[in-house]
Amino acid sequence: MVNKFGSLSLQGKSIGKLTFAGRNLVGANADVAVAMLNVNNTLNTENVTPQAGFDFGMAFGTPLKLIDAKIIAGTARSNQRNGARVATKTGTLLPMSDADAKTDTLPEEEYDAVFVSGKDKTPHGRVRSADAFDSHDLVLFRVTPNYKTDNRGEVARDDYDEPIISNYQFNFIQQSKSGDVGNDDNIVRILVDPAESERLQAGLKPGDKLVPQGLKFAFAGNDATDWTVYADTLVALDEKATEKPAQNQNKGTTNQADKAKS
């Protein structure tokens with residue numbers, strides 16, 4: 001399966017201010033208790049599967065802190081026969097008033113990508129790309145366009161009757177896994193906007209080693225892939241080696257994720 005990643009570490013504080021709203025039951029058999037959380041004092045909510053022993057009886061509006069969180073592929077209550085999955089968040093929820101409140105085990109700089117949703121790629125927090133793949137381990141083998149479709153599922157065309165390209169798929173093999181013939185999950189597909197893709201493709205060839213910049217992850221959860229991965233651009237590995245570590249990438253993704261707080 002393409003982009004089959006087990007889980008992504010999620011920085012809880014990057015989601016925004018969280019307050020307890022109540023208890024909900026989810027899962028295929030409605031038997032998993034989750035905490036419903038209001039985000040940034042709005043009517044937007046997040047469901048989080050908390051640690052064992054979490055107090056679901058706490059008062060409505062209690063401020064909470066989420067640490068050591070992860071996003072995983074959970075079972076959808078509907079459309080299960082078609083293999084549909086949903087993004088499920090887990091982690092440790094602690095009252096902000098807890099004097100001994102802990103912090104994330106991972107250092108802040110490791111949350112170098114953004115978790116997004118929707119066609120407009122709305123940011124919902126920062127995640128750790130290294131949980132998915134090593135960004136310095138990617139070897140290019142194919143680039144193909146994705147075409148925009150209309151409401152009938154047919155390819156949309158412009159005024160000149162040319163098909164409209166939504167983005168390009170940059171398909172990679174993870175070099176460290178390329179010799180493992182039994183591993184069917186070593187393909188990484190990254191989507192890049194058309195204008196940037198067309199600029200990048202000049203001179204590219206199979207075997208080129210490219211490092212993605214400005215990574216964004218969205219959860220797809222269908223029978224072809226669990227994750228959709230977007231990048232602002234791709235940089236040759238030998239060029240990346242001469243630069244300082246991904247400070248610019250961290251800055252860019254931080255700014256995008258911070259929009260989720262406002």
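Two strands pair if DSSP finds at least two bridges between them. Helices (H or I, at least four residues) and strands (E, at least two) are themselves DSSP runs, numbered from the N terminus. The model shown here is predicted, so local features need pLDDT of at least 70 and side-chain atom pairs count only at pLDDT 80 or more, while totals for chains, interfaces and linings use all residues. Residues are numbered from 1 along each chain as its sequence is written, and side-chain values use heavy atoms, with hydrogens and water left out.

**View 1. The whole chain, to get your bearings.**
The secondary structure of the protein chain comes to three helices and 15 strands. Of its 262 residues, 40% are buried; buried means under 20% relative accessible area, exposed over 50%, and partly exposed in between (1.4 Å probe, protein chains only). The accessible surface comes to about 14,300 Å², and 48% of this belongs to carbon and sulfur atoms (Shrake-Rupley method with a 1.4 Å probe; for residues, only the protein chains shown count as cover). A contact is a case of heavy atoms within 4.5 Å. Among contacts between residues at least 6 apart in sequence, 62% join residues at least 24 apart.

**View 2. Strand E12 and its partner E15.**
Here you can follow strand E12 (residues 210-213) alongside strand E15 (residues 233-236), with which E12 pairs in the antiparallel sense over four bridges. Pro212 stands opposite Leu234 in E15. Which way do the side chains of E12 point? Leu210 and Pro212 point one way and Val211 and Gln213 the other way, and all are buried.

Asp208 lies in the loop between helix H1 (194-201) and E12. Is this residue buried or exposed? Asp208 is buried, at a relative accessible area of 14%. Its side chain reaches the backbone nitrogen of Lys205 at 2.9 Å, a polar contact (a pair of N or O atoms within 3.5 Å; within protein, one must be able to donate a hydrogen and the other to accept it, and residues adjacent in sequence count only if both atoms are side-chain atoms). If neighbours within four places in sequence are left aside, Asp208 is in contact with Leu138, Val139, Leu140 and Gly203.

**View 3. A salt-bridge network around Glu108.**
The structure holds 11 salt bridges, each a side-chain nitrogen of Lys or Arg within 4 Å of a carboxyl oxygen of Asp or Glu. Lys13, Glu108 and Arg126 are linked in a network of them. The side chains of Glu108 and Lys13 meet at 3.3 Å, N to O. Glu108 lies in the loop between strand E6 (85-95) and strand E7 (113-117), and Lys13 in the loop between strand E1 (7-10) and strand E2 (18-26), so this pair ties together parts that are 95 residues apart in sequence. Glu108 also meets Arg126, side chain to side chain, at 3.5 Å, N to O. Because Arg126 lies in strand E8 (residues 122-127), this second pair ties together parts that are 18 residues apart in sequence. How accessible are the three? Glu108 is partly exposed at 42% relative accessibility, Lys13 is partly exposed at 48%, and Arg126 is buried at 3%.

The side chains of Arg199 and Glu196 meet in a salt bridge at 2.6 Å, N to O. Both residues lie in helix H1, three residues apart, about one turn of the helix. Arg199 is exposed, with a relative accessible area of 53%.

Look for Gln175 in the loop between strand E10 (165-174) and strand E11 (187-192). Gln175 is partly exposed, at a relative accessible area of 37%. The C-alpha atoms of Gln175 and Asn186 are separated by 8.7 Å, with the two residues 11 apart along the chain. Setting aside neighbours within four places in sequence, Gln175 is in contact with Asp137, Val139 and Lys209.

**View 4. Two loop residues with positive phi.**
Asn41 lies in the loop between strand E3 (32-39) and strand E4 (45-49). Its phi is near 60 degrees, a positive value in a residue other than glycine, and at 77% relative accessibility Asn41 is exposed. Asp161 is found in the loop between strand E9 (138-147) and E10. The phi of Asp161 is near 65 degrees, again a positive value in a residue other than glycine, and Asp161 is exposed, with a relative accessible area of 53%.
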